[in-house]
Amino acid sequence: MSTPLDTLARPITLGKLDLSSRFVMAPMTRKRSPGGVPTAENAAYYRRRAEHGVGLIITEGALIGHPSASHEDDVPRLTPGPAEDGWRLVTSEVHAAGGRIAAQIWHLGSERMPAETAWTPDNININGFDQLLQAYAQSARVAAGAGFDAVEIHAAHGYLLDEFLWPHTNHRSDRFGGGPKERATFPAEVIRTVRDNIPEDMPLIVRFSQFKERDYAARIADTPTELGDILGKFAEAGADVLHASQRRFWEPAFAGDPANLAGWAKRLTGLPTITVGSVGLDQTRLADLAKHDADLVALGRVLITNPDWVTLATTGRDQEIRPYRKADEDIYH
Ligand SMILES: Cc1cc2nc3c(=O)[nH]c(=O)nc-3n(C[C@H](O)[C@H](O)[C@H](O)COP(=O)(O)O)c2cc1C
């Protein structure tokens, strides 16, 4: 009998990109890149996951080259020069192990930034929009130049692009604010800009969520129609894959229908989707993956603790899987 894990262990093609499995490593900030430059240690960390059956790695959030993106010094940047060289080492190590890797492009907006200097939807002017689009364009070119196979735009969890989508942090009355379609205007411009700065056949993933790190009950869309308005603009702007971030993949996205957020994204746009959220944390829930309509499944915390989680879970070695503990985030191997 074939299990959801057997299905996930099979290859899949995204556009022209061949993946050895449908397991994805979820993007996870690790703060191990001094001066924003990825290191040989970072390359070995990602390579280890590729060696163990992860079909597509999505890097930790990598910052666009704009001073407002973040103040963190140990978060990697996606900028020309030493950071681009560091990423080239990361991508070549992952490729040597037969893996594929996407760069997650990140701007924090006002999340974890001092209020006086933070850029948020409400305080960005026309000149600011231009600067941001130029920085996103540069990061896209750096990603392509550094050998990445795909890019993912971070538009989830309450960071800059998600702040545009969320009515609570977007009070604009110009074309960037209003209903769901208008709130999606700037994120869609970023998608279009990134699309225009990567090779035509390079998959462009967009990650979105209802919840915010600062508010788990928050929503960008109260109804499937509103979600369709937002995701329709993403698709029109050039998104190829939608990464629907949830805290628990088995939770329905809207009342009255068991479909999760990825299921709705696929139903509303027809695009391939990635589901995520506590996969493998509770082994008894793994079978539920078969009930949800997602092409790819991302794993976060279980891969921090077990670089070899996919190998262990797909070869019946469950008893060797170490349970994730928060303290594991201090370890880097
Ligand atoms: C240490 C850590 C860092 C994270 N950093 C990011 C990030 O940089 N970008 C992002 O989109 N999500 C980030 N996330 C969220 C994960 O990608 C993922 O969605 C979340 O951990 C849920 O999946 P899991 O239950 O399999 O861990 C992070 C999560 C953790 C635990």
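Predicted model: local features only at pLDDT ≥ 70, side-chain atom pairs only at ≥ 80, totals over all residues.
Where is the place of Lys31? I found Lys31 in the loop between strand E3 (23-25) and helix H2 (40-51); helices (H or I, at least four residues) and strands (E, at least two) are DSSP runs, numbered from the N terminus.

Residues are numbered from 1 along each chain as its sequence is written, and side-chain values use heavy atoms, with hydrogens and water left out.

**Backbone**

I looked up phi for Lys31 and got a positive value of about 55°, although Lys31 is not a glycine. Lys31 has 34% relative accessibility and counts as partly exposed (buried is under 20% relative accessible area, exposed over 50%, partly exposed in between; 1.4 Å probe, protein chains only).

Arg112 is not a glycine either, and I noted its positive phi of about 60°. Arg112 lies in the loop between strand E5 (100-106) and helix H4 (126-145). With 44% relative accessibility, Arg112 counts as partly exposed.

**Ligand**

I then checked distances to ligand oxygen atoms. A side-chain N or O atom of Thr29 is 2.6 Å from one, and a backbone N or O atom of Ser278 is also listed at 2.6 Å. For His154, a polar side-chain atom lies 3.1 Å from a ligand oxygen.

Note on methods: Polar contact = N/O pair within 3.5 Å; in protein donor to acceptor, adjacent residues only side chain to side chain.
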